Amino acid sequence: MSWLPSTPEQLELCARRALTHIEVLASNIGARPSGSSAERQALDYVSGLLTGWGYEVQREAVAFAPTPPLNLPYLLGAIALGVAGWVSGEFPWLALALPFFFMILPQWSRWWVQNRKPTHSSENLLAKLDGKRSEPPVLLFCAHIDTARAVPLHHPWLLHLYCRTLDILQRFAWMIFALALLKAWGWPVAPGFLYSVAALGSLGGLWLAGLQLIPSPAEELAHSPGANDNASGVGVLLAVAEELATQTPLPLPIAFLFTTAEESGLYGGRDFVQAHPEWAKTTRVVCVDMVGKGEVLYYVAKEGLFNPLYTDRELQQAFLVANPSLQPLWHTLRSGDYAPFCQAGFRAISLESGGKSLSDWSYHTVFDTVEQINPEMLKKVIKTLSAFLEQSRAG
Ligand SMILES: [Zn+2]
């Protein structure tokens, strides 16, 4: 007998439940910045449901630093791009280093964001079905409950441009690099051409700096409602948790973790691995982050351009068996809760959905609302997790 939705009707019902949770979190409660009363409301909602289904719920304090309005590495990137083309005669090294600087910028920014001193506090929520068992679970499902500060643009057209910002600026950086190289080799370059490329760089720098310097809008517009990021992950895990609660005895020790302050620097995940180092030996971790949009389901395979961080190969294989249509994803701009787990030696992986190109203009914006959620994708994710669980039980 299967212990998770196996018929299309059961799957439909399970996905509908997930969608209801997403509605409550993203529409009724709304934006859930870490440490806010809205996030507490969301934690209470999740905690109330899990307790009702028989889970033992535990809250663990997390200290974090809120997302800074000004990101120092990106501001330096903006200045470098703005001036490099104009001073390539005097400081050619700046133009020659520029594209490489832009390559490491996302990784450097992540490092900078994560190394700020915590000033605020919130909570992670851990739920186990068999609370009396003190040993670590075999499987830990994880989703972050907080939402991000919204990009300070509220026009879809500008947001389409914004989501391609780094792509476009990287091209400007290569153009400045190429002209500086030609000049260094003594090739004659028309001054008009040089000025045009320098001006493009300045425009790009202004755009990047301007995004940082735009004052925050009114509170209700300052944060994303986070329907996809990540009410979708929380909703799917709640639907799975409800199904599992009907299984007695549970074939595998399983726990659920809902983290805080993922968006301001993975504080919840990092605190958790520090507090539970002994779990690394036995507990496999499956994160779900942004699983409600698009038509392709991905597993995060690695992160970062230089010295990349890999997710667990065995889990990758297990998920490919569970759902052979999964596609690998290489995060070069972003990170997620899977990262602290992988760094701490856990076997961990993350699922994420999206379009074929993965560029999503509503990511971290006020437009990340429940209307954007694709119920078919929720079904696909639940089906994949069920097949994975079935296989974990058999193995
Ligand atoms: Zn997220």
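Biologist: Helices H1 and H13 cross in a right-handed way. Which residues of H1 and H13 make the contact?

Modeller: From H1 they are Leu11, Cys14, Ala15, Ala18 and Leu19, and from H13 Pro375, Leu378, Lys379, Ile382 and Lys383. By class, that gives 8 nonpolar, no polar and 2 charged residues. Keep in mind that this is a predicted model.

Biologist: At what angle do H1 and H13 pack?

Modeller: At about 115°, with the axes of H1 (residues 8-29) and H13 (residues 375-394) 9 Å apart. Angles of 65 to 115 degrees count as roughly perpendicular, so that is how H1 and H13 lie to each other.

Biologist: Now H6 and H7. What is their crossing angle?

Modeller: Roughly 150°, and the axes of H6 (residues 165-184) and H7 (residues 191-213) come within 10 Å. Over 145 degrees counts as roughly antiparallel, which means H6 runs roughly antiparallel to H7. The crossing of this pair is left-handed. H6 brings Thr165, Ile168, Leu169, Phe172, Met175, Ile176 and Leu179, while H7 brings Leu194, Val197, Leu200, Gly201, Gly204, Trp207 and Leu208. Sorted by class, the contact has 11 nonpolar, 3 polar and no charged residues.

Biologist: On to the backbone. Which peptide bond is cis, with omega near 5°?

Modeller: The general idea first: most peptide bonds are trans, and most residues other than glycine have a negative phi. Here the bond from Asp229 to Asn230 is cis, and Asn230 sits in helix H9 (residues 227-245). Look at Ala261 too: its phi is positive, near 55°. Ala261 lies in the loop between strand E4 (254-259) and helix H10 (267-275).

Biologist: Zooming out, how many residues of each domain are in contact?

Modeller: Start with the domains themselves. The assignment gives domain 1 as 8-68 + 120-151 + 224-394 and domain 2 as 72-108 + 157-213. Their C-alpha centres are 37 Å apart. Across the boundary, 11 residues of domain 1 contact 10 of domain 2. The domain 1 side splits into 6 nonpolar, 4 polar and 1 charged.

How values were computed. Residues are numbered from 1 along each chain as its sequence is written. This is a predicted model: local features need pLDDT of at least 70, side-chain atom pairs count only at pLDDT 80 or more; totals for chains, interfaces and linings use all residues. Domain bounds come from an automatic or database domain assignment. Two residues are in contact if their C-beta atoms, placed from the backbone, lie within 7 Å. Ala, Val, Leu, Ile, Met, Phe, Trp, Tyr, Cys and Pro count as nonpolar, Asp, Glu, Lys and Arg as charged, and the others, Gly among them, as polar. Axes are lines fitted to C-alpha atoms, for helices over the stretch in contact, and angles run from 0 to 180 degrees between N-to-C directions. Helices (H or I, at least four residues) and strands (E, at least two) are DSSP runs, numbered from the N terminus. Angles under 35 degrees count as roughly parallel, over 145 as roughly antiparallel, 65 to 115 as roughly perpendicular and the rest as oblique. A crossing is left-handed if the near helix is turned anticlockwise from the far one by less than a right angle, and right-handed if clockwise.
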